[in-house]
Amino acid sequence: MKKLTAANIVAFINQLDRSLTYNYIDPKNTGLIEIVSVDLPEGPIRIRRWNPTKGEKPTGKKVEPISPELIWRIANAMAPNQPVNFDRVLAGSYNTRSVLEALLAYTPQFYFAYPGRIETKGGKPQIKKGHKHLLWTPDEPHQAGIFQEKKTEVVISEVPAQEITYDALVLPSDTQVEPIDIDIQRRHAQIQIALYFVGKQLNFRTWIAQNDKGIIYQNKKIGELEGVIPRLQDEKLLTAYQDAAQAALLIDCIWFKNGKLMPAVMEVEHSTGVTSGLTRMKKFKDLFIGLEGIRYVIVADDADRAKVVKEANHPQFRELNIRFFPYSAVEELYSLCQRRKIQGVTEAFLDCYMERVLVE
């Protein structure tokens, strides 16, 4: 399936004529939008907006950024021919979301649409007029510089927005060598916890980095949670590879299955950069030659995808055949595990959430 990136979105908008002004999709909004500048490859896009019907002029209006974070959230939500509601994706946040929506609609691969909405009252479903959505139609472009409505037979069954919950956690105070922002440490730990619970749901045993085992979650140290491997050197798969086990002690998360398989070796890269995680996994791979089919995975914020792709394709790391597991996909899977007691799935199920990033 085609995948949209922030760089695609920014490139599309960069092709719009900057000598023109642009309207919002909603005709009730009589404001105008001007593109001031575009930073390639992933933004920000800077705009100015004003409303002539209120006597406003562009002069003196502040320049506002459309941030890379906003652009990435929309890029990750888009799939070909699937309507996307910006307000739902962004939960009403980001002041410039309607501007990004409008500018995208002026580019050839995007249409706006009003898909029907299934509304059920008293057990009886009805199709009601839907809300405004944006459609990405890469195989059916329209003329650039105008926006068009796409009539669609698609209907939307709205479900409550999914929220990911983490209990409070306590970070260890005696293992951090270098000072790192406490919020970054907490986010790193939350993703490790999500990976642990996903692994548990899939009947995997989990190794958590030795220096993170002291994190307290649900009133327990992570190292004491059910299914967390206490000592990597004693793990059956690694008993003949003690040098490899030693090299893996600081790897953030490793999944083991049935004492015979290792579905994934994962580094969560939120603070130390991608290269350190790749280097650690490469050293492990060089020392552990006893098993094929291991997924080597960089888990990182969605906005770091370009950095992951670049670093993973360096010659010294290519043999790892790295997968990118974005935070949004981790938490989507974690949410699924929280809501549904999934079972009977194969390891290949994981590949739906992890993107191969090796450029052939």
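Visitor: Which residues form one aromatic cluster?
Guide: Tyr22, Tyr106, Phe112, Tyr114 and Phe147 form it. The model is predicted: local features need pLDDT of at least 70, side-chain atom pairs count only at pLDDT 80 or more, and totals for chains, interfaces and linings use all residues. Numbering starts from 1 along each chain as its sequence is written, and side-chain values use heavy atoms, without hydrogens and water.

Visitor: Why is the pair of tyrosine 106 and phenylalanine 147 called tilted?
Guide: Rings of Phe, Tyr and Trp (its six-membered ring) pair if their centres lie within 6.5 Å; planes under 30 degrees apart are stacked, over 60 edge-to-face, the rest tilted. Here the centres are 4.7 Å apart and the planes at 55 degrees, so the pair is tilted. The structure holds 13 aromatic pairs.

Visitor: What makes tyrosine 106 count as buried?
Guide: Buried means under 20% relative accessible area, exposed over 50%, partly exposed in between (1.4 Å probe, protein chains only). Tyrosine 106 has 6%, so buried applies. Phenylalanine 147 has 25%, so this residue is partly exposed.

Visitor: How do you know that the charged end of lysine 150 sits over the ring of tyrosine 111?
Guide: The rule asks for NZ of Lys or CZ of Arg within 6 Å of the ring centre and within 35 degrees of the ring normal. Lysine 150 is 5.0 Å from the centre of the tyrosine 111 ring. Lysine 213 lies over the face of tryptophan 207, at 3.2 Å from the ring centre.
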